[in-house]
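Me: I have a structure on screen and want to learn to read it. Can we go through it feature by feature?

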Amino acid sequence: MFSLSELAPLNQHQGRCKLLKPWWEVFMDYLVVLMLMVSVLACTEQLSRDRVVCIPMDPVTSANTSNNGPSTRGQALTPSSKPPTHVPHNVSPKLPSVGRGRRTHLAHQQYVYISQVCYHEALPLCSRFFPYMAMLQSLVLVASGSFWLHFPHTSARIEHFLAILAKCCESPWTSQALSHAARQDSIREKEVVSVVEERRPPQPPLPSASSSHPVTLARRTSRDSGTDSPLLERSGGASFGCPPSPCPSTLSCNSALSSTSRGSQVPFPSSSHVMDDRPRQVMSLGKSDGEQARALFERVRKFRSHSESSDVIYKVYLAQTVLKLLMVTLILSYSIPLLSSLSFTHTCHPEETDLVGYDTFECIHVLSSLLRKLLMAYLSLLGLYGILNFYTFSWILHSSLRQYSFHSLKDLGSLRDVPDLRNDLAFLLHMLDQYDPLLAQRLSVFMSPVSESRLLGESLERRWGEEKLRAMTSVDAEGFSRLQLVALPRLPPALFTLSQLQVLQLELIADARFTEQVSKMTSLRELHLYHCTAAVDPGALRVLQEHLEVLQLTFTQASEIPGWVLSLRSLHQLHLSGRLSSDGGLGRGWALGSLRQLRHLRVLVIRGMLQRIPGELCEVAGSLARLEIYNEGARLLVLTGLKRMVGLTELLLQDCRLERLPSALLALGNLRTLDLQHNNLRTLEELLGLAHLRRLSCLRLAYNRVLALPASVGVLRGLELLDLSNNQLQSLPPALFTLRRLRRLLVAGNLLEELPAEVKALQLLTELDLSGNRLDSLPTQLFSSCLELHILNVARNSLSSLPRGISALGRLCRLDLRSNSLEELPAELGCCTGLHRGGLLVEDWLFLSLPTQVRDLLSRSCAPSGTPSEDHSRPDSDSFPYFCPTQWSFSSALESQI
């Protein structure tokens with residue numbers, strides 16, 4: 001048995017499915033119920049009262065009882081002859097006889113027998129089986145009437161649609177959005193009317209129209225804005241100063257009635273009063289209601305993408321309608337001729353003469369009259385059912401049920417962006433319109449991008465206020481106030497009130513738009529957009545063109561770069577990270593476009609996969625001073641575009657798979673810094689061609705495959721920094737030590753086995769990095785001549801001893817001796833006063849080999865290790881980063897354990 005809890009969902013499903021049944025479907029359901037009742041009544045009558053009554057028509061001969069003598073059994077009388085009348089002897093002949101009619105000489109059992117025989121032989125099939133056929137047909141029609149609602153491929157989608165519709169009707173955001181739309185349209189209509197009245201020439205007022213004009217205007221505004229529906233009168237009716245009418249007809253009647261009264265004056269509030277009341281009508285959603293509304297937007301979006309992909313519901317409904325129409329046609333085709341066979345009298349010729357003595361019987365069908373009337377009623381209902389099915393079929397053919405447009409909402413200014421629908425979702429909304437068009441209007445609220453934008457705006461205003469944004473603002477190392485916003489649907493309005501904000505980072509903002517309110521951000525100088533396609537209003541663009549100096553963009557395709565970026569006239573730095581090259585060969589330019597308007601651009605950083613130096617960079621060659629290209633391992637084949645960029649002072653080409661020094665570098669006479677790290681350079685023979693680069697002071701060639709450093713390196717007289725780390729150098733040429741201005745020499749991660757004594761010529765050397773080589777000793781000339789040395793890194797070598805002349809390096813503040821073959825440390829390390837602040841990096845067990853007094857001096861670290869004075873006294877190094885003394889000791893202890 002079923003419990004009530006199990007039957008309750010079925011009842012709820014039936015109640016919700018009626019929303020998708022138009023009036024003709026409901027009418028057909030009632031007709032099927034009536035046909036089923038007629039068939040059940042006929043079956044009941046047939047089972048309880050159905051029978052036939054038969055009497056013989058041909059008398060048979062029997063024994064002659066008259067005075068003429070005996071008669072044989074085989075003799076028969078004519079039907080017109082009167083049967084002999086038997087008069088008893090004890091009755092007077094003058095008295096009337098008791099029995100009248102024709103004597104048949106049949107017993108009761110014979111009548112019952114012949115009635116059953118004639119019921120099956122003489123009675124037609126329709127008289128015997130019509131009630132059962134009618135009941136079976138009615139049951140088939142009942143099953144086919146709602147088949148499209150229960151078909152496995154459609155029922156789940158329909159239930160999902162009805163559940164979403166119920167949530168849309170229950171959501172507070174629905175009423176608020178429709179009220180806002182109606183209110184905005186009403187205000188817009190009044191503004192249009194006021195403008196028209198101002199342009200209209202003044203005319204003397206007519207007495208007959210003085211009272212009817214305001215009412216007519218209010219009535220037309222209400223109809224156009226959609227507030228005549230019961231759904232909108234609760235929220236939008238207050239804007240007109242009159243109580244809401246329960247239905248559109250009431251509103252029109254009231255308007256007509258007031259317009260006919262000539263002398264009555266109806267007071268209406270002025271437009272200013274309406275504008276004053278408008279803010280009080282806006283209701284703010286709670287946090288839970290807002291979250292539910294946002295989840296409902298996403299749910300509607302997913303259901304729309306799923307239901308618009310197919311039209312299975314439409315096809316099933318069309319097939320169901322065609323099937324019902326064919327069934328009705330078939331039933332009528334064989335049922336109408338059966339009306340003539342339903343008669344009251346029937347002639348029966350049983351072949352049972354030997355049993356009953358008669359050949360022909362005349363029978364009457366007791367239920368023939370009732371069955372005829374029931375059949376006529378059944379066929380009438382069935383005919384009406386067929387007409388409705390034909391109407392449904394014609395409606396399907398003449399209506400575009402797989403396309404749906406919210407025509408009623410196109411007039412509302414706030415909801416005119418609702419998209420047109422197709423396939424199953426369009427068909428369901430057409431069916432829903434037949435029940436109540438307001439339901440589709442409520443669903444359209446969650447399909448409108450404007451409505452979703454308003455909801456997100458209210459949510460952002462509530463969750464991301466000015467106080468929270470100020471609390472999230474931080475100050476970076478350069479002293480700039482910085483704010484980072486990640487994964488927001490749009491920019492919070494309170495952001496534009498941060499007048500002190502200097503750096504703004506936006507990451508994964510779906511709908512970022514800068515409005516004219518950005519003019520309040522007077523300190524904004526730097527903007528970061530990480531996978532964020534930002535839109536800028538014209539008023540905001542003028543502000544950004546005047547104030548924005550640094551812009552960083554991270555994107556996937558060049559089409560994601562906003563067009564307004566190339567119009568920022570005051571931009572000094574532009575950082576681009578993403579795919580910039582267009583698909584195709586080398587002859588095509590990059591996909592960004594012209595840079596002609598960036599007249600003040602000084603720094604351009606590109607992280608992408610370029611095949612050539614874009615020719616568009618020549619448009620900013622007059623102002624561009626620094627160019628950085630990180631090519632992410634793609635081969636940079638064509639570099640001829642560098643020849644026209646003669647104003648460059650810094651050039652960085654990393655991960656470009658360069659195998660030789662580009663010849664285009666010869667044209668860069670003002671170049672000061674050249675960075676070619678992370679390439680495939682094997683030879684540096686082209687260094688001789690860089691001799692005329694008189695201003696070149698920094699050369700970085702780390703992370704390449706250089707086997708030998710040529711003697712032509714000596715022509716780079718102005719070089720101050722040379723980075724050859726992580727190459728395959730086995731020796732250093734003497735010409736290297738002729739670079740008298742060299743201050744930083746970084747040769748870590750090579751195959752050097754010795755350091756030449758000519759290093760003593762580099763008397764201005766402040767940093768020397770020899771880590772990761774094969775050195776077993778250091779020349780004493782290094783400690784006697786390079787007295788300006790601040791940083792010395794000889795870690796991961798094979799040093800067995802340290803010269804005692806190290807005490808001459810009075811300015812040495814960082815010394816890394818880890819991972820060597822040292823057995824003891826010289827006590828002269830105590831004379832290096834710069835190492836007293838924790839600048840010695842060595843294993844703990846080796847540190848204990850020093851005398852106690854020296855250990856005390858070297859382990860004495862300043863308590864405020866992070867003070868600004870200490871930071872200034874310790875120059876930064878690429879290969880030797882600064883750590884506080886506690887970090888040095890921790891690293892040493894950890895490595896000693898390993």
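**Reading the side chains**

Reply: Start with arginine 660, which counts as partly exposed at 47% relative accessibility. Buried means under 20% relative accessible area, exposed over 50%, and partly exposed in between (1.4 Å probe, protein chains only). This is a predicted model: local features need pLDDT of at least 70, side-chain atom pairs count only at pLDDT 80 or more, and totals for chains, interfaces and linings use all residues. Residues are numbered from 1 along each chain as its sequence is written, and side-chain values use heavy atoms, leaving out hydrogens and water.

Me: Which residue meets arginine 660 in a salt bridge?

Reply: Side chains of opposite charge can pair when their charged atoms come close. The rule is a side-chain nitrogen of Lys or Arg within 4 Å of a carboxyl oxygen of Asp or Glu. Here glutamate 686 is the partner, at 2.5 Å, N to O. Glutamate 686 sits in the loop between strand 17 (673–675) and strand 18 (698–700), arginine 660 in the loop between strand 16 and strand 17, 26 residues apart. Helices (H or I, at least four residues) and strands (E, at least two) are DSSP runs, numbered from the N terminus.

Me: How many salt bridges does a search of the whole structure find?

Reply: It finds 21. One of them joins arginine 157 and aspartate 424, with the closest N and O atoms 2.6 Å apart. Arginine 157 is in helix 6 (residues 152–170) and aspartate 424 in helix 18 (residues 423–435), so the pair ties together parts 267 residues apart in sequence.

Me: Are these two residues, arginine 157 and aspartate 424, buried or exposed?

Reply: Arginine 157 counts as buried at 11% relative accessibility. Aspartate 424 is buried too, at 0%.

Me: What about arginine 700: which residue does it bridge to?

Reply: Aspartate 723, with the closest N and O atoms 3.5 Å apart. The pair links strand 18 to strand 19 (residues 721–723), 23 residues apart. Elsewhere, bridges that share partners join Glu298, Arg301 and Glu452 into one network.

Me: Now aromatics. How many pairs are there?

Reply: Rings of Phe, Tyr and Trp (its six-membered ring) pair if their centres lie within 6.5 Å; planes under 30 degrees apart are stacked, over 60 edge-to-face, the rest tilted. The count is 13. Among them, tryptophan 23 and tyrosine 391 are tilted: 5.7 Å centre to centre, 45 degrees between planes. Tryptophan 23 lies in helix 2 (residues 23–49) and tyrosine 391 in helix 16 (residues 368–398), 368 residues apart. Ring pairs link Trp23, Trp24, Tyr391 and Trp395 into a cluster.
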